[in-house]
Amino acid sequence: MEGRADVLSVRELEIGYETGRGLVRAVRGVSFDLGDDESLAFIGESGSGKTTLGLSLVRLLPQNASIAKGEIAFRAASEEVLDLTTLDDEDLRRFRWEECAMVFQSALNALNPVMRIRDHFADTAKDHSETNGSLKGRALTERATECLEMVQLDPGRVLGSFPHELSGGMRQRVMIALGLLLNPRVLILDEPTTALDVLTQRAIIEVLRTLKVEHRFAMIFVSHDLSLAAELADRVATTYAGRIVELGEVEQIFYHPRHPYTVGLLDAVPTLAGGQQELSSIPGSPPDLIDLPTGCKFHPRCPYATDKCREEDPPLIEVAPAQTAACWHWEKVGSDWEARGGEIHERDANRA
Amino acid sequence: MAATTGESRYRDSAVGRVLAWFISTLKLMARNRVGFAGFLVVSTIVLVTFIGPVFLPSEVPVNVNEIYETPSLSHPLGTDSEGKDVLLQVINGGRPILTIGFLAAAISTTIAVTLGSLGGFVGGRVDTGFTWLADMVLTIPQLPLLAVLAGILRLNSKIAVAGLIGLLFWPTLMRAIRAQVLSLKERDYVESARALGLGTPHIVFREIAPNMAGYIAINFTLAVTSSMYAVVGLTLLGLVPLSEENWGVMINLAWTRGAIFSKDSVFYIMSPIAAIALFQLGLVAMNRSLSEIFDPRLRRGA
Amino acid sequence: MSGTPIELEHASRSYGSGSQQVRAVDDVSFTIEPGQTLCLVGESGCGKSTTGRMTAGLLEPSQGRVLYGEKEIDALPDAEKRRFRQAVQIIHQDPYASLNPIRNVTQILSAPLRRHKLTKSRSELQNRLRELLETVGLTPPEEFLKKYPHQLSGGQRQRVSVARALTVDPEFIVADEPVSMVDVSMRIGLLNMLLGLQKDLGVAFLFITHDLAVAKHFSWEGRIGVMYLGRMVELGPTQKLVREPVHPYTRALISALPEADPELTRNKERLSLRSPDIPSLLDLPAGCPFHPRCPMYEEGLCDTDRPAEDAVILEEHLAACYVAARELGQEDRIPESSRAAGAEAARRTA
Ligand SMILES: Nc1ncnc2c1ncn2[C@@H]1O[C@H](COP(=O)(O)OP(=O)(O)OP(=O)(O)O)[C@@H](O)[C@H]1O
Ligand SMILES: Nc1ncnc2c1ncn2[C@@H]1O[C@H](COP(=O)(O)OP(=O)(O)O)[C@@H](O)[C@H]1O
Ligand code: SF4
Ligand code: SF4
Ligand SMILES: [Mg+2]
Ligand SMILES: [Mg+2]
């Protein structure tokens with residue numbers, strides 16, 4: 001992509017989990033680029049490999065996982081390009097927080113209950129002390145204060161608190177602040193708003209928006225919540241059974257989807273604005289990642305499926321400038337969508 | 001179901017069903033190697049001590065020429081102070097101890113499960129009463145009491161000994177079961193069962209208790225262990241006048257005849273102790289497999 | 001479909017004791033007529049589930065009453081109590097906790113059928129099981145009869161829970177966040193199936209959710225009740241409540257909700273709260289419990305008396321807010337003490 005500096009380029013990434021039942025193919029042939037102040041959202045059902053992908057970007061995959069193939073090229077602040085799939089332990093340690101930081105799913109339980117928030121910051125700094133010897137004492141407190149302010153928490157009150165003294169939303173923000181401590185270039189957030197109440201969710205979204213707009217972090221969100229992507233993402237990738245099936249600008253994905261799975265997801269989510277909606281869910285359930293269907297992995301649930309789909313897996317191809325989709329019948333999917341557009345779809349009506 | 005399709009043709013008869021259940025249980029046991037090894041040890045000891053004596057002389061012959069011999073081909077574990085073969089005594093002496101252990105464990109587990117489930121689920125006065133009873137029994141120092149009671153009651157049948165031990169050993173498990181029931185009864189499916197009006201017996205015995213089966217089985221084996229210690233302890237102190245040979249009597253004799261002071265007799269005194277230890281080790285290891293047997297997630301395959 | 005209305009009359013429920021006692025639900029009233037839907041929305045811990053369990057007769061109110069028809073459920077004669085027990089069923093939130101892991105679908109569904117002698121013979125039982133599974137969209141039924149919960153997906157388990165509730169032909173179902181733990185792609189299917197029960201079988205619903213968009217979809221023709229810290233702060237017909245919310249808390253919720261539409265959600269008008277933190281139930285603010293966060297807070301008026309749930313009455317639409325009452329010309333519904341305290345505060349600042 002010309003005119004844009006990519007901080008991250010992933011190519012043909014394949015990740016599997018070795019299990020008693022066989023190999024779980026959690027990520028299959030994933031490729032994407034992330035611009036250095038861009039936010040990219042991965043949306044898809046539970047078990048579609050979103051968390052696994054996030055973990056691989058910070059090289060925190062569990063023991064039984066392995067990267068079978070592919071490349072994760074990261075352009076460090078020094079302009080040096082690192083391939084994360086081959087990085088040694090020493091470089092990795094430095095890389096993990098300074099370059100990419102990840103805020104985990106279920107972060108709510110990730111804080112140690114017997115440690116004050118201040119000590120959580122100290123611990124994170126200490127873990128990286130070889131490369132960051134200076135972050136101690138006064139400097140550490142200052143940086144921690146700065147990070148907490150970035151997530152709109154009152155450092156005076158929060159630093160001395162134990163996790164249980166904070167609400168769920170505050171703990172989630174502390175986790176984000178911890179991620180910011182070593183000033184990473186890319187922030188990866190796994191389900192940052194799931195399991196939080198609407199008003200708390202709103203507070204987190206606003207914090208993330210500030211980080212994106214004012215502090216220009218590059219961000220990757222992983223979520224099954226389409227509205228989070230609609231709020232914050234510049235680009236959206238729809239994932240199904242470990243693979244990106246559609247990737248495009250946020251407006252393209254929400255207003256001009258070309259993959260039946262994206263269409264299915266959009267049709268399944270009610271909006272509060274507007275009148276009563278015709279909503280339908282996607283029939284069936286996601287495939288077993290150990291025993292994937294032949295051809296297009298979506299065919300057992302796809303209303304457009306034909307024999308060709310059952311036999312051959314469609315490649316990701318360009319369906320519009322900057323938009324790609326992996327579907328043999330994307331043109332038909334697109335024309336059907338556009339044909340019913342204005343009438344049924346509140347979101348299109350609201351746009352007009 | 002994949003694990004059991006092979007046996008499906010037996011399914012029609014009751015015998016076939018039991019057989020199929022047995023085979024799939026063995027397969028589940030085998031999933032955990034340590035647990036399976038434990039199972040093998042336990043079943044070997046049970047088989048040998050219960051069936052072995054049938055083929056052996058009930059009285060091990062005395063031979064004054066072979067006192068305190070070290071192991072040899074003819075006496076693999078050596079001999080005792082009267083020249084009797086130790087191995088034969090170990091085989092003969094397991095049955096009474098094991099019988100009492102299992103019987104006492106059955107009694108204490110039954111009391112614990114009944115009182116614990118009822119108290120936990122029904123609550124109120126019933127619960128307070130049972131808990132009070134358990135606390136009472138628990139505060140009494142058990143071995144001394146056993147010793148005193150054994151002295152007073154002149155216990156001379158295995159059932160009486162087992163009953164006495166069982167009646168004293170239930171409170172700990174009862175409290176654990178009660179705690180489990182208290183948490184299980186808050187489960188959503190129990191609330192649904194209440195909403196459907198399925199009734200207390202159904203809820204306690206069909207919805208709640210089966211969920212504790214693995215836990216109860218494990219505790220049963222632990223109860224077997226502690227009951228065996230109790231009998232051995234009592235016999236060692238000479239409080240249970242069991243005349244037949246048993247592991248407790250062996251230790252007692254070794255003790256009273258000064259075997260512990262003699263270097264030659266190490267095999268005599270160590271053999272019953274090793275038998276007990278081995279059996280218990282087997283039980284503890286077997287526990288690893290027990291929870292798997294009662295888990296339908298494993299029983300039915302994925 | 002003949003049925004009996006269910007009513008909560010000034011119901012409260014406390015948990016804990018002594019200084020730790022909290023009122024999880026405080027003085028909540030509503031009636032649900034046969035075949036109607038009421039959706040309860042609100043933040044976690046605001047008392048939705050407690051209200052639901054009281055309505056289903058599974059939890060006794062510490063104050064107030066739950067009425068089935070005209071009678072309090074505890075005072076019902078045995079036969080009617082049995083009828084109530086079958087007429088009102090509950091569906092829980094967590095698909096992993098709502099089915100007993102050691103019982104398969106057949107066992108789960110046949111227990112109530114047998115217990116209440118709802119099927120006479122083995123073949124009738126089999127037919128009924130099939131019919132139930134088809135009703136909840138688990139087809140072909142044969143494929144599910146022998147399955148254990150762990151062999152089903154979250155959405156499928158919730159469907160089994162619904163089928164279990166349907167075994168006793170209920171008139172009324174309390175559904176406590178039935179879709180919030182189910183995958184997005186399957187949520188609407190489950191909701192539409194429940195809507196079908198309402199349309200085809202005339203089942204009434206108390207539907208609990210924290211997602212206003214789901215509430216809107218589910219009870220388009222029904223009502224929504226918004227709870228805050230154990231109280232009902234607004235209750236009205238769905239379409240009105242969503243378009244013209246009266247209570248500032250409802251407005252805050254609506255404005256904060258992210259929507260699955262980029263332009264809509266990015267250009268939405270936002271109402272900012274005075275404080276992000278929910279007060280503890282142990283230490284409730286004086287007057288209106290929302291006042292420390294409310295963007296429309298007025299000193300004196302809002303922190304003297306607690307607005308009753310019908311401080312504002314617009315036909316079927318109620319709201320517990322004095323400022324709204326004043327703006328809507330219902331000043332006479334504000335108690336004298338609050339009016340005076342408001343006027344006093346205004347004079348002081350002037
Ligand atoms: N440690 C592991 N060992 C084996 N399989 C795993 C492991 N972690 C995840 N998986 C499997 O890999 C697949 C992808 O999991 P992943 O957690 O990446 O999904 P996800 O898209 O993040 O889902 P969710 O929305 O539920 O968080 C799933 O089939 C999951 O069961
Ligand atoms: N069994 C219980 N014991 C003590 N407190 C409870 C219990 N159930 C709920 N609560 C408390 O009551 C309040 C309301 O809970 P609940 O009705 O579950 O709310 P919601 O369903 O709206 O999240 C919360 O503060 C909760 O912690
Ligand atoms: S390739 Fe075929 S099956 Fe796959 S999404 Fe497109 S139409 Fe559906
Ligand atoms: S009474 Fe006052 S504080 Fe309460 S909601 Fe109304 S305006 Fe806000
Ligand atoms: Mg995940
Ligand atoms: Mg709840």
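# Domain and chain interfaces in a predicted model

Biologist: How many residue pairs are in polar contact across the interface of domain 1 of chain C and domain 2 of chain C?
Modeller: Nine residue pairs there are in polar contact, with both residues at pLDDT 80 or more. Keep in mind that this is a predicted model.

Biologist: Which elements of domain 1 of chain C give two or more residues to that side?
Modeller: Strands β2 (22-32), β9 (223-228) and β10 (231-237) of chain C do, along with helix α8 (212-218). By class, that side of domain 1 of chain C, facing domain 2 of chain C, has 13 nonpolar, seven polar and seven charged residues.

Biologist: And where are the two domains of chain C?
Modeller: Domain 1 of chain C covers 6-239, and domain 2 of chain C covers 244-349. Their C-alpha centres are 31 Å apart.

Biologist: How many residues are in contact between them?
Modeller: In chain C, 27 residues of domain 1 are in contact with 23 residues of domain 2. The two domains of chain C bury about 2,200 Å² between them, and carbon and sulfur atoms give 59% of that area.

Biologist: Which residues of domain 1 of chain C lose the most area to domain 2 of chain C?
Modeller: C:Tyr228, C:Leu229 and C:Glu234, which together make up 30% of what the domain 1 side buries.

Biologist: How many salt bridges between those domains of chain C?
Modeller: Two salt bridges are counted between domain 1 and domain 2 of chain C. C:Glu43 forms a salt bridge with C:Arg293, with the closest N and O atoms at 3.5 Å.

Biologist: OK, chain A now. How is chain A divided?
Modeller: Domain 1 of chain A is 6-233 and domain 2 of chain A is 257-351. The C-alpha centres of these two domains of chain A lie 30 Å apart.

Biologist: What area is buried between domain 1 of chain A and domain 2 of chain A?
Modeller: About 1,000 Å², with 59% given by carbon and sulfur atoms. The contact takes in 12 residues of domain 1 of chain A and 12 residues of domain 2 of chain A.

Biologist: How many salt bridges across that interface of chain A?
Modeller: The two domains of chain A have two salt bridges between them. A:Glu45 forms a salt bridge with A:Arg301, the closest N and O atoms being 3.1 Å apart. Four residue pairs are in polar contact between the domains of chain A, both residues at pLDDT 80 or more.

Biologist: Which strand gives the largest share of the domain 1 side in chain A?
Modeller: Strand β2 (residues 22-35) of chain A, with six residues. The domain 1 side of chain A divides into four nonpolar, four polar and four charged residues.

Biologist: Switching to chain C against chain B: how much area do they bury?
Modeller: About 2,200 Å² between chain C and chain B, 57% of it on carbon and sulfur atoms. Chain C puts 25 residues into the contact and chain B puts in 19 residues.

Biologist: What does C:Arg103 form a salt bridge with?
Modeller: With B:Glu207, the closest N and O atoms being 3.6 Å apart. Two salt bridges are counted between chain C and chain B, and 12 residue pairs across their interface are in polar contact, both at pLDDT 80 or more. On the chain C side, β6 (88-91) and α3 (105-115) of chain C are the elements giving two or more residues.

Biologist: Last one: where does UniProt place "transmembrane region" in chain B?
Modeller: The unreviewed UniProt entry places that feature at several spans of chain B, including residues 130-153 and 159-177. In the model, residues 130-153 of chain B are 92% helix and 0% strand, with the end C-alpha atoms 26 Å apart. Residues 159-177 of chain B are 95% helix and 0% strand, and the end C-alpha atoms lie 25 Å apart.

Key
Residues are numbered from 1 along each chain as its sequence is written. Chains are lettered from A and ligands numbered from 1 in the order in which they are written. This is a predicted model: local features need pLDDT of at least 70, side-chain atom pairs count only at pLDDT 80 or more; totals for chains, interfaces and linings use all residues. Side-chain values use heavy atoms; hydrogens and water are left out. Domain bounds come from an automatic or database domain assignment. Contact means heavy atoms within 4.5 Å. Buried area is the accessible area (1.4 Å probe) that two parts lose on being put together, summed over both. A salt bridge is a side-chain nitrogen of Lys or Arg within 4 Å of a carboxyl oxygen of Asp or Glu. A polar contact is a pair of N or O atoms within 3.5 Å; within protein, one must be able to donate a hydrogen and the other to accept it, and residues adjacent in sequence count only if both atoms are side-chain atoms. Helices (H or I, at least four residues) and strands (E, at least two) are DSSP runs, numbered from the N terminus. Ala, Val, Leu, Ile, Met, Phe, Trp, Tyr, Cys and Pro count as nonpolar, Asp, Glu, Lys and Arg as charged, and the others, Gly among them, as polar. UniProt positions are given in the numbering used here, feature names are shortened, and annotations may be inferred rather than shown by experiment.
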